Amino acid sequence: MQSEPETVCNVAISFDRCKITSVTCSCGNKDIFYCAHVVALSLYRIRKPEQVKLHLPISETLFQMNRDQLQKFVQYLITVHHTEVLPTAQKLADEILSQNSEINQVHGAPDPTAGASIDDENCWHLDEEQVQEQVKLFLSQGGYHGSGKQLNLLFAKVREMLKMRDSNGARMLTLITEQFMADPRLSLWRQQGTTMTDKYRQLWDELGALWMCIVLNPHCKLEQKASWLKQLKKWNSVDVCPWEDGNHGNELPNLTNALPQGANANQENMGQCKSLEYQHLPAHKFLEEGESYLTLAVEVALIGLGQQRIMPDGLYAQEKVCRNEEQLISKLQEIELDDTLVKIFRKQAVFLLEAGPYSGLGEVVHRESVPMHTFAKYLFTSLLPHDAELAYKTALRAMRLLVLESTAPSGDMSRPHHIASVVPNRYPRWFTLSHIESQQCELASTMLTAAKGDVRRLETVLESIQKNIHSSSHIFKLAQDAFKIATLMDSLPDITLLKVSLELGLQVFL
């Protein structure tokens, strides 16, 4: 193929304390990222610094010239660029010769080559106008022509900036958010009472996740956080700002296959994950000896998963609760548990069982608190080889599903950190209830399988199933599971499990 003809471009790059603060190029290409010519010149400057002559600021050079040299300098400059600078030169000359002009009231003159003061703010060049234009263009395409992919690439760029602690990350995300807020479709959907598309809601989710990364950044200053809080409140007050659940309508959606069901839900994703090797990197300046970034990350994840939180109102927000929990657990499942991490698991399991109302595994939880079945199943399988008693205690505590009960336990009011569960006179709209009940069933089945051969634990698990599971179809499934486990070909039938199967089967018919 015939190559493009070679062109010569004039490129100017301004630096300030090892940062590129502005760029211009005669190629005329407009994009969020630097053109190839700017990149080429930057690499040339980095690789061959001796080939780029270093000049003093132009003000210093002019200071060294006498009057004749200054006049010659100005006249040659005007001659070379007379069509561009002659009108400006004549205007400036007139102002300088006028004693009362504004220019003569200012001491000295500006010097673009001198750089900023050491105390002045400095940041990488970001073409804000181009960011706004690109996002506006992608949004106007409505998800077609790969616009969603392009927006995700922009989000990835913001994540990269945040990782490098580049202050442009927050600036760029602000520009992106402003264009999202200005999208005319928002007011249209609001007026019609219709929901936005799934792809568009996912983009808003990513937007929110990035803002969380920014405001939780431990390295940012308090005045920055205050500024972002003010801006976020301003956006939140706009009428067209989407709700968290993304659903302005009151219609009851069809939830058939809305979420993956049963034990293979992540495959009472994983297949696509690359096998990663996680290592303990020492975390200096932390209080306890032996802690690493890995142990801290795992502990924070366990704390977050175990927090008591009220189920949100909308369908989309409820689906997101389940999806986010499962995604975080799938990440944790990639980590091989060693003795150090097992200690973290035991510590957090005990803490969550004994904690007060902020724990989803505490003795008393709110009736509409998000169930802990999925998280407890992960804790159970992780703790079982190391501390079976704690594993069962955690899983049994998590079996409850108070939203389906007509009355809820009042709690031990002699313990001040416990609160009574309030049972309102309404039945909450849990759109994901079928998925939650299937996860409860999976947790119970996992305990039945592990308890084979242990009469005491099988009886305890049976009591928990009879108390907490309200769906006859799931009780029947557990009866089938118990029968299969009890009659495996490589061992004698487990009489206790067969009794469990029989009792559960009879319960279906009662």
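## Stop 1: helix α9 and its surroundings

Select α9 and show its neighbours: its buried residues pack against α5 (128-140), α6 (147-163), α7 (168-181), α8 (184-192), α10 (222-236) and α12 (315-332). Bear in mind that this is a predicted model.

Which residues of α9 are buried? Show side chains for Y200, R201, L203, W204, L207, L210, W211 and I214.

Now check the length of the helix. Helix α9 covers residues 198-215, which is 18 residues. At 1.5 Å a residue it should span 26 Å, and its end C-alpha atoms are 26 Å apart, so the two values agree.

## Stop 2: the whole chain

Zoom out. The protein chain has 510 residues, and 36% of them count as buried. Colour by secondary structure to see 19 helices and 2 strands.

## Stop 3

Hide the surface and go inside. In soluble globular proteins, nonpolar side chains tend to be buried together. Here the largest nonpolar core has 48 residues. Select V298, L302, F375, L448 and I465, the residues with the most contacts inside that core.

Centre on L448. What does L448 touch, beyond residues up to four places away in sequence? Its contacts are L458, V461, I465, L478, A482, I485, L497 and V500.

Another core, of 33 residues, lies apart from the largest one. Select L126, V131, L186 and C241, which are among its members.

## Stop 4

Select Q179 in helix α7. Is Q179 buried or exposed? Its relative accessibility is 15%, so Q179 counts as buried. Show what surrounds it: Q179 is in contact with Q132, V135, K136 and L139, leaving aside neighbours within four places in sequence.

Move to N236, in helix α10. N236 has 58% relative accessibility and therefore counts as exposed. Draw a C-alpha to C-alpha distance from N236 to M181. The two are 9.8 Å apart in space and 55 residues apart in sequence.

## Stop 5: a loop residue with positive phi

Select R165, in the loop between α6 and α7. Most residues other than glycine have a negative phi. R165 has a positive one, near 55°. R165 is also exposed, with a relative accessible area of 60%.

## Stop 6: salt bridges

Side chains of opposite charge can pair when their charged atoms come close. How many salt bridges does a search of the whole structure find? There are 13.

- **E160 and K157.** The closest N and O atoms of this salt bridge are 3.8 Å apart. Both residues sit in helix α6, and they are 3 residues apart, so about one helical turn separates them. E160 is partly exposed at 44% relative accessibility. K157 is partly exposed too, at 24%.
- **K377 and E442.** Here the closest N and O atoms are 3.8 Å apart. The pair links distant parts of the chain: K377 is in helix α14 (residues 373-383), E442 is in helix α16 (residues 433-450), and they are 65 residues apart. K377 counts as partly exposed, with 24% relative accessibility. E442 is buried, with a relative accessible area of 11%.
- **R457 and D454.** The closest N and O atoms of this salt bridge are 3.5 Å apart. R457 counts as buried at 15% relative accessibility, whereas D454 is partly exposed, with a relative accessible area of 25%.

## Stop 7: a nonpolar surface patch

Bring the surface back for the last stop. Select I58, F73, V74 and L77, which make a nonpolar surface patch of about 310 Å². Which helix gives the largest share of the patch? That is helix α3 (residues 67-80), with 3 residues.

Finish on V74, which lies in helix α3. V74 has a relative accessible area of 42%, so it is partly exposed.

Definitions and conventions: Residues are numbered from 1 along each chain as its sequence is written. This is a predicted model: local features need pLDDT of at least 70, side-chain atom pairs count only at pLDDT 80 or more; totals for chains, interfaces and linings use all residues. Side-chain values use heavy atoms; hydrogens and water are left out. Patches are made of residues with over 30% relative accessible area and no salt bridge: like charges are joined within 9 Å, nonpolar side chains (Val, Leu, Ile, Met, Phe, Trp, Tyr) within 5 Å. Accessible areas come from the Shrake-Rupley method with a 1.4 Å probe; for residues, only the protein chains shown count as cover. A salt bridge is a side-chain nitrogen of Lys or Arg within 4 Å of a carboxyl oxygen of Asp or Glu. Helices (H or I, at least four residues) and strands (E, at least two) are DSSP runs, numbered from the N terminus. Buried means under 20% relative accessible area, exposed over 50%, partly exposed in between (1.4 Å probe, protein chains only). The expected span of a helix is 1.5 Å times one less than its number of residues. Contact means heavy atoms within 4.5 Å. A nonpolar core is a set of buried Ala, Val, Leu, Ile, Met, Phe, Trp, Tyr and Cys residues joined through side-chain atoms within 4.5 Å.
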